Amino acid sequence: MHNMEDKDLDKLFREAFVEAEETPHADTWAKIEANLNPSSRIKTIYSFKNIGMIAASFTLICLGGYYATKIYNTNDANSTLKKENVNTIVHNNEIDSQSNPDNSLIKEEKGKNNTATNLSGNTVKFEKPENLNIITVANKGQKIELDSLKEKHLALNLTQSMIAKKEELVIIQVTEIDDIKPLIQFEDEEETMLANTAPDLKENKNIVTTVLNKLSENLDPSKEQTVRFIPDEEGSFAISIINSFAKNRNKKRK
Amino acid sequence: MDLDRLWKECTLNDRKAQEQVYHIFSKKMFAICTRYAKTTLEAEDILQNGFIKIFTKHHLYDGKGSLEGWMKKIMVNTAIETYRKNQINNTESIDQLPTIQIESPIKADQTSYKDLLAIIQQLPAGYRTIFNLFVIEGYSHKEISELLQISEGNSKSQLSRARQWLKTKLKQYNA
C-alpha cells in the first residue's frame with residue numbers, strides 16, 4: 001500500500017463495489033408496499049396526529065365564534081336605548097319629586113329588587129322591565145350605561161323635569177350632519193376691483209403702525225391719507241392703499 | 001421471466017409484479033445505499049424511498065438504457081437527497097474520524113468488500129458522496145458539481161482529500 005496511486009485506489013474500491021450485493025431487512029418490502037397502497041394514505045389522514053390537529057382547529061373555531069357572538073351581543077345591547085324600554089321605565093317609574101326630593105343620583109342596593117337609594121339615603125322604589133338587561137340612557141348629552149340589576153349598581157340621574165317631561169327621557173342618539181358646504185363661497189358679482197376703504201384707525205394700533213402712519217402723512221402731505229399701515233393678528237402689519245387709482249365699479253351683488 | 005412484461009405490469013400498479021421486481025433488484029440497490037449511508041438504518045431508508053419513487057414515477061423511464069441503470073440513478077439521487085437533508089448535521093471533520101475497527105488486516109490482494117465498506121462509511125458524508133459518484137458511479141466533476149450544487153474545484157479538492165485519507169487508513173492497517 002506504499003505510494004499507492006490514485007488510479008490503484010480507485011480500481012481497488014471500484015472492483016469491490018460495482019457488483020456488490022447486500023441483503024436488506026426482511027420487512028423492507030412490507031414498508032414499501034404500505035406506502036404504495038392508497039389505504040395507507042387514508043390511514044395517514046386519520047392518524048392520531050391529524051385527528052388531534054383537526055380537533056384543535058375545530059375547538060379554536062368554536063371558541064372564536066363564541067367570543068365573536070358575545071362581543072356582538074354586548075355591543076348590540078349597549079347601543080342606543082330603545083324607545084320602548086325607556087318608556088317602560090318611565091311609565092313604571094314611581095320615582096317622583098316626593099319620593100326623591102333631591103332628585104340626585106340614585107344607586108341601587110344589591111339584593112333588593114327594584115329599589116334604590118339616593119345619595120341622601122332615602123329608599124325609592126321603581127319598577128323595571130324584567131327583560132331589560134342593558135340600557136343606555138342619554139340625558140342631555142350625559143350618557144350612562146346601565147347593566148342588569150343583579151350585576152351592577154344602577155346609576156340614574158333623574159330630575160323633576162325629566163320625570164315630568166317623559167319625552168326627554170326618550171332620547172335617541174342622533175348625529176346631525178350639516179350640509180356639505182363648499183370651502184370657498186364665491187359671490188355672484190360682476191367684475192370688480194377691490195379697493196380698501198379707510199380702515200378703522202381706532203382698532204389695532206401699535207407703535208410700529210403709528211410711526212409708519214406718521215411717516216406716511218409726512219411723506220404725502222395731501223389731505224387724504226392714501227397709505228395706512230394696519231397691524232394684523234400675526235404680529236406683522238398690512239399696507240392699505242386708500243382711494244387708489246383703481247376704478248371701483250359698482251358691485252351688483254345678487 | 002420477461003423483465004419488460006414484468007415492468008409493464010408494474011406500471012399498471014400490479015403489486016405482485018412490483019414485489020417481484022423488488023426482489024430481483026433489491027440486493028444490488030441496497031449495496032448502493034450502504035455505500036452512501038453512514039448506518040444500515042439510513043441505508044434502508046434510502047432503499048425504501050428509492051423503490052417508492054421507482055414504482056410511482058415509472059413514467060420517467062422512457063425505455064432507453066437498461067432498467068437497472070435507471071433504477072441505480074434513482075437510488076443515487078435518493079441518497080443525495082438524504083445527504084442534503086442531513087447536511088446540517090454533517091459537520092464532522094476528516095481529521096476527527098474515529099479509529100476503524102476491522103476484522104482482518106487489509107491487503108491489496110485480500111481486500112474484502114466488508115472491510116472496504118467499513119472504511120468508506122467512516123468518511124464524512126460529503127467526501128463519501130463525491131468519492132462514490134466519481135470513482136464507483138463514473139460521474140464527471142462537472143456532473144457532480146451540478147448534482148451537489150458545488151463548484152468543480154470543490155469537487156476535485158474533496159475527492160483528493162478523500163483519496164488521501166483512504167490511502168492513509170489502508171496503509172495503517174496493512175503495516
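A: Rings of Phe, Tyr and Trp pair if their centres lie within 6.5 Å. The model shown here is predicted. In this model, ring pairs link Phe13(A), Phe17(A), Tyr113(B) and Phe131(B) into a cluster.

Q: How many aromatic pairs does a search of the whole structure find?

A: Over all chains, the search finds 11 aromatic pairs.

Q: What describes a pair of aromatic rings?

A: The distance of the centres and the angle of the planes describe such a pair. Planes over 60 degrees apart count as edge-to-face. Trp29(A) and Phe55(B) form an edge-to-face pair, with 6.2 Å from centre to centre and 85° between the planes.

Q: Why does the pair of Trp29(A) and Phe55(B) join two chains?

A: Trp29(A) belongs to helix 2 (residues 28–36) of chain A, whereas Phe55(B) belongs to helix 3 (residues 40–56) of chain B, so the pair joins two chains.

Q: Are Trp29(A) and Phe55(B) buried or exposed?

A: Buried means under 20% relative accessible area. Both Trp29(A) and Phe55(B) are buried.

Q: What share of chain A do buried residues make up?

A: Of the 254 residues in chain A, 23% are buried. Chain A has 8 helices and 8 strands.

Key
Residues are numbered from 1 along each chain as its sequence is written. Chains are lettered from A and ligands numbered from 1 in the order in which they are written. This is a predicted model: local features need pLDDT of at least 70, side-chain atom pairs count only at pLDDT 80 or more; totals for chains, interfaces and linings use all residues. Side-chain values use heavy atoms; hydrogens and water are left out. Helices (H or I, at least four residues) and strands (E, at least two) are DSSP runs, numbered from the N terminus. Buried means under 20% relative accessible area, exposed over 50%, partly exposed in between (1.4 Å probe, protein chains only). Rings of Phe, Tyr and Trp (its six-membered ring) pair if their centres lie within 6.5 Å; planes under 30 degrees apart count as stacked, over 60 as edge-to-face and the rest as tilted.
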